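Okay, thanks everyone for coming.

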Amino acid sequence: MHTQASLSRLDSSDRRDPRLISWIPVVSMTFALLLGAFAIPKDLSQEFPDYHSYDELTAKLKGFAKANPTLARLQSTGKTLGGRDIWMMEIGNSTGTPIGDRPAVLIAANFEGNQVGTSEIALSTISYLLDNYATNDAVKKSLDNQAFYFFPRVNPDGAEKMFAPLQTGTSTNSSPYDDDNDGRTDEDAPEDLNKDGLITLMRVPDPSGLYMVDPLDARLMKKADPKKGESGTYSIYWEGTDNDGDGFYNEDAVGGTDINRNFQHEYPYYQRGAGLHMVSERESRAVLDFVIARRNIAAVLVYGPNDNLISAPNSKGELAKAEGINLFSFAEASLSEAGKVGMFSTQTQQFFGGGGGGGGSASPSGGGGRRPATTVATADLDYYTTISKKYVELTGIKNAPALSTPVGAFFQYGYFQYGVPSFSTPGWGLTPAAADSAKSDSGSKGKDGSGSDDKPSFDKKLADWMDGAGIDGFAAWKAFTHPTLGSVEIGGFKPYEAVNPPMSVITEMAPKNGEFAVYLSTLLADVNIAKTEVINHGGGVYRIKAEVENAGFLPTSTSHGVTSRSVKPTMVQLGIDPEALLSGSAKTSFFQALDGSGTRQKFEWLIKGKKGDEIELKVVAQKGGTDIKTVRLQ
Amino acid sequence: MKRFSTLLFAWTALALLATLSAPVATAQKASDPQHKLRLDFNRWHDYGELQQDMKLMASTWPEFLTYSSLGKSYGGRDITMITINNPKTGPELEKPAMYIEANVHGNEIQGSEVSLYTIWYLMENYGKSEMITRLVDERVFYIIPTVNPDGRQYFFEDTGGGARTGHVPVDDDNDGLYEEDPPNDLNGNGIRDQIRKYVPGEGNYRLSREDDRMLEPVPAGEKGDWVLLGSEGLDDDGDGRVDEDGPGGYDPNRNWASDWQPNYIQGGSMDYPFQLPTARAVNDFLISHPNIAGVQSYHNSGGMILRGPGAEWQGVYPREDVAVYDELGKEGERMLPYYDYIVLWSGLYTVHGGFIDWTNDGLGILSFSNELWNGGQYFNSPKLQEQQRDEDNPIAGQQGSYYFDDYLEFGTQYSEWTAFDHPTFGKVELGGWSKMRGRIPPRFMNEELSHRNMAFTLYQADQMPKMQIHKPVVEKVADDVYRVRVDIENDRIAPTITQRGAENNAVDPDLLMLSGRNAEVISAGWVANKFRPDATDLIDQHDLKRIMIRNGHPGRTTRTIEYLVRGSGDITIAYESLKGGDVKTTATLK
């Protein structure tokens with residue numbers, strides 16, 4: 001029976017399945033009981049003792065604002081479905097030019113729920129700025145003349161799962177979503193079968209499986225390559241049971257949408273985790289509404305699992321290929337068919353009559369109109385390269401942790417649609433132990449003849465890094481008897497350890513990340529009226545000359561910002577009655593982009609006036625500030 | 001004896017009835033049937049008048065109609081809707097629904113009158129026409145006469161003759177100010193006139209020798225006496241430019257989430273899909289009403305029955321969907337003279353992020369958009385058509401318009417050029433055509449336009465899917481094991497789920513459910529042809545008591561499902577479809 005409440009795809013309740021309807025409350029109650037009544041096997045927050053839960057984060061941000069009233073202001077930009085605030089902290093000396101009229105850097109983190117470390121990095125950057133304002137000239141100059149907008153935790157609902165007793169490692173928010181489109185929402189979440197408090201993986205001996213044990217590291221798995229004579233012997237799933245009996249394991253977990261797949265550039269239409277449509281989520285809308293209303297944002301920096309700073313875009317403007325955790329993608333691949341079950345042929349049945357043909361059908365041909373850009377414009381590349389080089393120099397990061405391919409990612413929106421230089425970095429790196437590093441780098445065939453020519457996988461680099469850094473981030477495979485799969489092993493990378501650094505790494509990186517943020521703010525365009533001149537031609541006719549200069553490093557608009565018309569042209573306006581203008585430049589002139597490092601643009605007006613008149617000359621650069629000068633006719 | 005008395009009684013009753021209904025019979029000698037409510041469809045309604053008529057209808061037919069609001073426009077006006085539902089034939093959300101909207105572009109007004117007419121016609125003819133009665137009983141209608149109330153009101157009460165936009169402020173000229181230099185009605189005639197200036201020997205236009213109301217471009221090498229200076233307006237903000245930042249400045253029909261593109265690819269798209277309060281309100285409504293199986297969005301003009309895709313790079317629709325669209329669209333061409341059935345990008349222009357692309361791709365709803373009124377309809381006299389094609393006459397096209405205005409609209413649609421002293425342009429003349437012509441039919445032709453377009457939309461509504469399930473055939477094949485065959489039918493043209501909707505997981509799958517206290521399903525499969533024994537195509541799903549049919553049931557098709565069931569007693573087989581309705585049947589295993 002349909003009811004209004006249960007029909008929507010966005011609704012959490014279940015449609016038309018009496019079995020599940022009775023099942024869900026029982027299970028959630030059981031969970032609740034488990035959580036409430038039983039001791040957790042071990043204190044799981046131990047791994048990240050200094051990470052901030054939502055309440056702790058809120059207290060910390062409020063503390064910043066309270067302790068630094070002229071430098072830091074906290075604002076909620078919206079509430080999540082879970083009722084948590086999406087905090088924005090504005091950092092900048094509030095005396096002097098209004099913050100909204102200064103060029104600013106937006107720093108945002110923790111779009112993916114599991115990337116809580118990036119949120120800690122954002123907090124450490126805020127701390128760096130506030131702590132060093134009084135003593136560090138560069139920081140002081142930055143906060144006096146520019147500003148920062150911080151979104152330290154865009155996805156607080158997702159992040160909070162890190163602080164729950166059961167470590168799921170989910171990257172989404174909490175919006176209910178029918179991931180496999182079977183008419184039931186959130187009905188097949190993973191379970192912690194072996195009660196170690198973690199959702200890890202199951203590897204199952206399976207002659208038709210696609211995976212085999214990695215010969216370089218018995219903990220790890222690789223995809224068998226039949227062309228090399230390898231055969232798969234395992235299938236890999238997320239840990240848990242097939243709650244809805246559809247043959248897939250854990251294909252419809254609680255939530256949701258990955259906020260960093262929910263923005264408008266290269267949006268992954270109709271894919272898992274991307275949400276119902278672009279900007280469908282409260283979190284993405286809160287961030288967008290904020291940046292759209294603050295066009296003084298002149299650069300974007302995201303801390304997250306995408307990178308264009310450790311590796312700059314190549315000469316074609318393309319990003320380096322992202323390497324992620326194979327074990328996780330193997331498990332995820334087991335779900336890829338879940339949304340396709342039940343497609344039947346529409347042709348074999350008894351039709352009572354034919355439909356027409358032709359008529360309105362479109363004839364495919366070439367062309368198709370202008371397409372949106374997907375690579376960094378050639379004219380902008382040098383800026384990217386310079387800034388990337390500086391980033392690596394300042395931070396020393398060479399090996400990124402697990403990355404994902406940006407589709408619908410916020411930082412890509414920042415450049416391709418918002419039109420400003422936009423960066424993403426995890427903010428930390430895998431620093432391999434010396435010996436392993438040598439081994440990984442050699443990449444040559446084993447000298448003893450026994451080795452394969454396989455390059456170490458990303459998983460191997462991650463495992464080696466954990467070993468070297470003494471991080472207990474891999475749950476050893478342990479036998480388990482699964483109710484439907486039989487003998488399996490449960491283990492794999494721990495969900496949060498796999499993608500987050502220990503606090504010691506963040507603390508060590510804090511000054512470097514802080515210094516880079518300050519560096520970025522000092523690069524922004526800085527537009528001023530460098531020179532004015534008045535020439536009296538007699539008879540009340542005057543010539544006014546002016547030169548507008550960009551003293552910053554970045555241009556007033558990226559080349560793509562001009563192409564995409566997303567950065568307003570810089571406006572130069574002479575404060576006179578239109579009728580007093582005799583010739584020359586228009587009363588209101590615009591120019592598209594002015595390079596930095598002291599590049600100038602000249603203007604000249606012939607006007608009618610009288611001696612002693614004071615005329616205001618104004619230049620407004622959306623990404624480079626405002627300057628006003630008064631010229632006097634004499 | 002008994003029979004006789006019955007007959008007698010019948011005769012008496014009939015005579016009595018004839019007497020009682022005498023006045024009615026007299027009235028119905030005229031062509032116009034007895035109406036419960038009289039409304040005019042040869043006039044244009046501003047926003048307030050639309051609401052008045054909607055409320056009036058809702059109170060006239062309260063058992064069927066509900067008047068409600070989906071949300072508010074930026075200007076604070078309600079986006080109002082009439083729901084047509086007969087509660088006696090089932091709850092609203094369990095019946096397939098037809099969604100009808102109009103006027104997303106502020107200046108494309110006549111779809112609102114078509115919407116009003118549709119509500120009125122369905123109600124007036126319920127119980128009179130068997131077809132209309134069945135439609136109202138089988139379907140639900142959601143009708144929103146204007147989804148851009150601010151744009152509509154601006155069209156009527158201000159100078160917004162050509163304004164497609166809504167009224168969310170946009171800084172069109174990048175000066176940091178919003179809507180500070182709108183068009184101005186300088187001579188107060190309620191029209192945004194054209195401005196022309198007399199510049200003897202320096203212009204590029206001259207007065208036509210055939211009709212001095214008309215300007216014609218001068219031939220190459222000659223000089224004219226006139227220049228055109230655009231539309232009526234002032235430099236309100238003193239920046240030296242006229243009318244560079246009026247209300248809004250975007251296209252409300254480019255703010256939808258399928259193939260949405262940023263402004264530099266698709267002008268007027270805003271910053272992200274559903275940023276506009278009107279688009280968001282409508283989308284929230286559509287998402288929470290998955291029973292909607294048909295969409296019609298009325299625009300003007302050109303005489304088109306449009307379908308997606310809006311852009312070539314979206315590729316072609318799946319073959320199955322094209323066949324359905326083609327059949328409906330071609331029927332529409334027969335019902336609507338002067339209208340062509342057209343694919344948006346190839347027949348009109350490219351649209352990214354348009355409404356019907358989203359409803360088709362993102363929500364899996366068969367969607368049309370009719371461009372109401374074809375300018376050719378002014379000129380259905382062959383002589384006038386011939387006159388218009390005179391290649392030697394530069395004003396041949398215009399002459400037809402003047403002819404129509406002079407002889408059929410008695411000069412009401414044209415304002416003569418009159419002198420005006422313009423603060424920026426000096427001495428000029430203002431004049432030109434009324435905003436009520438060109439894209440909008442003459443009032444006296446609007447009832448026909450409304451009726452024909454309604455007829456097409458009702459045809460689409462009638463061809464939305466409608467599921468039926470037939471009586472199962474039970475056959476014992478072993479101890480406790482039965483073969484159960486059931487025919488499942490959809491006799492309409494549209495499938496329960498479009499192929500595109502299924503590919504995009506845009507619609508919850510249809511469900512085929514078998515339940516019984518003591519029934520275990522051993523297998524289930526589709527019978528290729530029940531009259532010709534052949535292999536049964538077994539369904540490879542884990543839960544055969546709840547079979548998912550992701551791409552739904554095709555149109556005009558009967559499928560036979562074959563179960564092997566172990567058990568005894570009664571079983572129920574149900575087919576549940578969000579867009580095709582829910583049906584069920586029972587059988588006994590014996």
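Let's start with Y205(B), which sits in strand 6, residues 205-207, of chain B. Before I go on, keep in mind that this is a predicted model. So, is Y205(B) buried, exposed or partly exposed? Partly exposed, because Y205(B) has 17 C-beta neighbours inside 10 Å, and the cut-off for buried is 20 or more. Which residues does Y205(B) touch, if you skip those up to four places away in sequence? You get L215(B), E216(B), P217(B) and V218(B), and then G224(B), W226(B), V227(B) and L228(B). Now look across to G580(B): from Y205(B) you go 375 residues along the sequence, and the C-alpha atoms end up 60 Å apart in space.

That brings me to how chain B is laid out. Chain B is split into three pieces: domain 1 is 47-154 + 251-373 + 442-462, domain 2 is 172-246 + 389-433, and domain 3 is 467-589. How far apart are the C-alpha centres of domain 2 and domain 3 of chain B? The answer is 67 Å. The C-alpha trace of chain B as a whole spans about 105 × 70 × 45 Å along its principal axes. In chain B you'll find 14 helices and 24 strands. Out of its 590 residues, 47% count as buried. And if you take the contacts in chain B between residues at least 6 apart in sequence, 74% of those join residues at least 24 apart.

Okay, strands. Stay in chain B and find strand 22, residues 557-567, which runs antiparallel to strand 17, residues 481-490, with 10 bridges joining them.

Next, an open sheet in chain B: four strands, antiparallel pairing, in the order 21-18-23-24. Which strands stand at the edges? Strand 21 (546-549) and strand 24 (581-589) of chain B do; each has a single partner strand, so one side of each is left without a neighbour in the sheet. From one strand to the next, the twist averages 15°.

The bridge partner of N550(A) in strand 19 is T599(A).

V541(A) is also in strand 15 of chain A. Why does V541(A) count as partly exposed? Because V541(A) has 14 C-beta neighbours inside 10 Å. Setting aside neighbours within four places in sequence, V541(A) is in contact with L582(A), L606(A) and K608(A). Take K608(A): it is 67 residues from V541(A) along the chain, yet their C-alpha atoms are separated by 4.7 Å.

The largest nonpolar core has 175 residues, and the ones with the most contacts inside it are I91(A), F148(A), F150(A), I84(B) and Y142(B). Helix 13 (residues 503-523) of chain A gives the largest share of this core, eight residues. Domain 1 and domain 3 of chain B both give residues to this core, so it lies between them. Apart from that core there is another, of 67 residues, among them L198(A), I325(A), A463(A) and I539(B).

And to zoom back in on one residue, not counting those up to four places away in sequence, F148(A) touches I91(A), G92(A), A104(A), V105(A), I107(A), L129(A), A517(A) and S521(A). That's what I had, so over to you for discussion.

Conventions. Residues are numbered from 1 along each chain as its sequence is written. Chains are lettered from A and ligands numbered from 1 in the order in which they are written. This is a predicted model: local features need pLDDT of at least 70, side-chain atom pairs count only at pLDDT 80 or more; totals for chains, interfaces and linings use all residues. Domain bounds come from an automatic or database domain assignment. Helices (H or I, at least four residues) and strands (E, at least two) are DSSP runs, numbered from the N terminus. A residue is buried if 20 or more other C-beta atoms lie within 10 Å of its own, exposed if 12 or fewer, and partly exposed in between; C-beta atoms are placed from the backbone. Two residues are in contact if their C-beta atoms, placed from the backbone, lie within 7 Å. Two strands pair if DSSP finds at least two bridges between them. A nonpolar core is a set of buried Ala, Val, Leu, Ile, Met, Phe, Trp, Tyr and Cys residues joined through C-beta atoms within 7 Å. Axes are lines fitted to C-alpha atoms, for helices over the stretch in contact, and angles run from 0 to 180 degrees between N-to-C directions.
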